[in-house]
Amino acid sequence: MYLNQPTTPLRLLTVSVLVLLLSGCDKIPGLGPDPRVAQRDAEAKAIGGACRHALRGLEDCYTLNPKAAKASVFAGWKEMDAYMRENKIEGTPSVLTKAEKPEPRKGSSNTEIETEARDPAASRNRS
């Protein structure tokens, strides 16, 4: 009835060729790293580089950016340090200050605007 042909070596060869072809393909969805993780690492490296350029120490950088991955921050700091040394670039010291609210101008016609919250009981209607 059925002819018993030796197809096992042919199937094995086909499967091995497919595996070899697909092993070099990095565009298969789900096999690469999560893009969100790669983005967080890139942002942490950028934070480290910015800290080095701003002449901040690593500890200050870690304190100012607690959510950033410390290893990536260090890698970015180290890369920027090497780049700045190779190209003889001086850093720019950063100045951290709190933004103050501007004082209202005197003699302004907008004196009717309320800036404080009203008492809800005072604004009730007594009808």
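## Starting at S72

At 12% relative accessibility, S72 counts as buried (under 20% relative accessible area, with exposed meaning over 50% and partly exposed in between, for a 1.4 Å probe and protein chains only). Leaving aside neighbours within four places in sequence, S72 is in contact with D41, A44 and K45, where contact means heavy atoms within 4.5 Å.

A word on the model itself: it is predicted, so local features need pLDDT of at least 70 and side-chain atom pairs count only at pLDDT 80 or more, while totals for chains, interfaces and linings use all residues. Residues are numbered from 1 along each chain as its sequence is written, and side-chain values use heavy atoms, with hydrogens and water left out.

## How α2 meets α4

The axes of α2 (residues 35–53) and α4 (residues 70–86) come within 6 Å and cross at roughly 45°. Axes are lines fitted to C-alpha atoms, for helices over the stretch in contact, and angles run from 0 to 180 degrees between N-to-C directions. That angle makes α2 oblique to α4 (under 35 degrees is roughly parallel, over 145 roughly antiparallel, 65 to 115 roughly perpendicular, and the rest oblique).

On the α2 side, the contact is made by D41, A44, K45, G48, G49, C51, R52 and H53, and on the α4 side by S72, V73, A75, G76, W77, E79, M80, D81 and M84. By class, this contact has seven nonpolar, five polar and five charged residues; Ala, Val, Leu, Ile, Met, Phe, Trp, Tyr, Cys and Pro count as nonpolar, Asp, Glu, Lys and Arg as charged, and the others, Gly among them, as polar.

## The nonpolar core

The largest nonpolar core has seven residues: A44, C51, L58, C61, A68, V73 and W77. Such a core is a set of buried Ala, Val, Leu, Ile, Met, Phe, Trp, Tyr and Cys residues joined through side-chain atoms within 4.5 Å. At least two of its residues come from each of α2, α3 (58–64) and α4.

Not counting residues up to four places away in sequence, A68 touches A44, I47 and V73.

## Two positive phi values

Most residues other than glycine have a negative phi. L55, in the loop between α2 and α3, has a positive phi of about 60° although it is not a glycine. L55 is partly exposed, at 49% relative accessibility.

K88 lies in the segment after α4 and, though not a glycine, has a positive phi of about 55°. At 74% relative accessibility, K88 counts as exposed.

Notes: Helix = DSSP H or I, 4+ residues; strand = E, 2+ residues; numbered from the N terminus.
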